[in-house]
Every structure is written in structure tokens, then in C-alpha cells.
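Hi,

Here is the structure I promised to pass on. Have a look at it first, and my notes follow below.

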Amino acid sequence: MTEPRGPVDSSRVPRFAGPATFARLPRLDEVARADVAVVGVPFDGGVSYRPGARFGPAAVREASRLLRPYHPGLDVSPFATQQVADAGDIAVNPFDIGEAIETIQDAAGSLQTEGTRLVTIGGDHTIALPLLRAAATRHGPVAVLHFDAHLDTWDTYFGAEHTHGTPFRRAVEEGIVDTSALSHVGTRGPLYGKQDLTEDEKLGFGIVTSADVYRRGADEVADQLRQRIGDRPLYVSIDIDCLDPAHAPGTGTPEAGGLTSRELLEILRGLAGCRLIGADVVEVAPAYDHAEITSVAASHVAYDLISLLALQGKREKTDE
């Protein structure tokens with residue numbers, strides 16, 4: 001078996017030099033195949049407030065230059081135990097949401113044909129729907145762990161069914177998610193009315209608010225989530241606005257009172273052992289960022305997701 005090709009050696013090429021692939025990894029066309037592909041979707045045509053997430057993939061890649069090859073928290077070297085590569089960006093129509101969704105679904109499906117798992121960098125949260133469609137085509141209805149300040153289960157905005165606030169309602173309606181294993185984490189802030197929570201519960205979602213995380217702690221929350229997920233195939237979708245604006249100012253719809261980056265990372269690490277099959281990190285809008293705070297947080301979140309996939313891959317090889 002060919003040894004995975006890892007990041008550029010920072011002792012030979014300074015971190016601030018060279019192409020800005022994610023974590024300075026090889027491009028997908030530079031390796032025979034990839035166990036994990038990091039792919040960008042520079043699309044923000046579904047936002048309802050501040051635009052700019054189309055520039056998120058480039059910003060997260062740039063902020064990922066400082067990532068290192070060993071993860072001490074999970075005791076794994078995610079780039080040594082699996083081939084991880086940067087698949088570049090999916091080029092989508094910025095003027096037609098319907099066409100963009102179809103393009104993302106088709107591209108995600110093609111990237112996964114040889115068993116490659118995707119960690120996708122957005123882009124706004126509209127992209128979660130086609131990514132879930134592609135995942136369900138391969139795995140059947142998936143469990144969903146959704147980190148966000150908002151529910152994203154609203155019906156329409158201005159009569160539009162596909163926006164960054166509607167993907168998970170559409171996913172339930174289409175039967176591509178397992179309604180016995182759906183969870184929001186980090187929700188907070190004002191809603192349009194109490195019916196938002198009632199309708200969300202009818203769709204099958206459980207809610208862990210940011211206040212719940214603060215009071216109960218990351219370990220207890222992660223344990224609860226693991227029990228709800230069980231052994232189902234799991235898709236994790238992370239809107240960076242689940243973090244407090246102090247930790248992620250560069251996003252389109254910020255809400256006070258959010259998670260810290262430490263809490264988010266610790267909850268993710270607590271998912272070790274879950275059957276992760278794919279993930280996305282969305283809503284990074286660098287125009288509103290300061291000193292790359294948001295982009296750095298998002299790059300570390302993506303790194304932790306890749307590390308969890310490395311652990312998943314090791315378990316699968318042991319089971320063979």
C-alpha cells in the first residue's frame with residue numbers, strides 16, 4: 001500500500017509560501033485517490049442577511065497553513081493514516097440557486113464514487129441540502145448533528161424553498177435524514193415565534209442550546225449526542241455562527257451568547273467512535289472577520305473532523 005502523501009514540509013518551505021491548499025495538502029489531481037477530500041463551495045446565494053460566505057473556502061484554506069500533522073487530543077496523525085487531498089472548489093452558478101444545488105449534488109456524488117469522504121467548506125448553509133442528498137444516495141438516510149445558532153428548519157423566505165435557513169426542513173421532507181437521530185447544538189437568540197420550536201420538534205430534532213452546553217459541559221453533551229446517534233451513519237453540519245461572535249465575528253447572521261471554540265472542539269472530540277461519513281463547515285464570511293479569528297476557528301474545526309474520519313478509517317480497517 002502506498003504511503004499517504006502529506007502536507008508540505010514546513011521545515012523546508014515556510015508556511016506563508018506556496019499554494020494555499022487546505023493544511024498545505026496535495027491537490028486531488030496529485031494523488032491516485034483520496035480517503036478524504038476537502039472541497040470548497042464558494043456559494044452564498046441563499047443568505048438572508050449579510051453576504052460574503054462565497055469567499056469562505058479561500059479564507060479557511062489560507063488560515064489552515066499553521067495546522068500540524070499530529071492531533072494530540074485524539075492521538076491521531078490524520079494525514080499519515082489516510083490520504084487527504086484538496087479537491088479545489090465546486091464551481092456553481094451564483095445567480096441560480098436551483099442549478100447550484102444540482103451542481104453541488106452531482107459533484108459531491110462524483111467525488112464519493114470510490115469511497116472518498118468529504119469535508120466541505122462553504123459557502124452558506126444552503127449547500128447542506130445537496131451534500132445530504134449525495135450522502136444519502138450512498139448511505140441511506142443519515143443521522144445529522146447540526147451545530148448552529150439557528151434552527152435552519154424554516155419553510156420559506158419570500159416564498160423561496162431553498163435558502164440557508166431551510167435546508168434541514170427540505171432534508172426531512174425528502175426522507176434523506178434519519179428522523180430518530182437529528183440534533184441541533186448551539187442554538188440561541190430570538191425566534192419568529194414559539195411555533196418555530198414546535199414545528200422543529202415535529203420534524204424530529206432534539207435541541208441542545210448554547211446555554212445547555214454552558215451549564216452541562218462539553219463531555220455530558222457529547223455523551224448525550226453519542227447516545228442519540230448510536231451506530232447510524234452520521235453527517236455533521238457546522239455553521240460557524242454556532243460560535244459566539246467573540247470567537248467567530250466573520251459570519252453573516254451573528255448571535256450573542258454562543259459556544260466558545262474550545263467547547264465546539266471538545267464536543268467534536270467527544271464524538272470519537274461515531275460512524276462519521278461526511279461533514280461541512282459553512283458561513284465563514286471573511287469580510288466581517290478580524291485577524292482571521294473566524295477562519296482560524298473554522299480551519300481547526302475542519303481539522304478535527306478530518307481527524308475523526310481518520311479514527312473511523314482505522315476502526316473500519318481493524319474490523320475487516
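Asp-96 counts as partly exposed because its relative accessibility is 32% (buried is under 20% relative accessible area, exposed over 50%, partly exposed in between, with a 1.4 Å probe and protein chains only). Asp-96 sits in the loop between strand S2 (84–89) and helix H2 (97–111); helices (H or I, at least four residues) and strands (E, at least two) are DSSP runs, numbered from the N terminus. The side chain of Asp-96 comes to 3.1 Å from the backbone nitrogen of Gly-98, and a polar atom of that side chain is 2.9 Å from the backbone nitrogen of Glu-99. Gly-45 is 51 residues away from Asp-96 in sequence, yet the C-alpha to C-alpha separation is 7.8 Å.

Before you go further: this is a predicted model, where local features need pLDDT of at least 70 and side-chain atom pairs count only at pLDDT 80 or more, while totals for chains, interfaces and linings use all residues. Residues are numbered from 1 along each chain as its sequence is written, and side-chain values use heavy atoms, with hydrogens and water left out.

Now the salt bridges (a side-chain nitrogen of Lys or Arg within 4 Å of a carboxyl oxygen of Asp or Glu). The structure holds 20 of them. One of these joins Arg-133 and Glu-174 at 2.8 Å, N to O. Arg-133 is in helix H3 (residues 128–139) and Glu-174 in the loop between helix H4 (167–173) and S5, so this pair ties together parts 41 residues apart in sequence. Arg-133 counts as buried at 18% relative accessibility, whereas Glu-174 is partly exposed at 36%.

Another salt bridge pairs Arg-226 with Asp-223 (3.1 Å, N to O). Both lie in helix H7 (residues 218–229), three residues apart, about one turn of the helix. Glu-30 and Arg-5 also meet in a salt bridge, at 3.9 Å, N to O, and a network of salt bridges links Arg-5, Arg-27, Asp-29 and Glu-30.

On the strand side, S5 (residues 177–187) and S6 (residues 205–209) pair in the parallel sense over five bridges; strands pair if DSSP finds at least two bridges between them. Thr-187 has Thr-209 in S6 as its bridge partner.

Leu-197 belongs to helix H5 and is partly exposed, with 38% relative accessibility.

Cheers

Technical notes. Polar contact = N/O pair within 3.5 Å; in protein donor to acceptor, adjacent residues only side chain to side chain.
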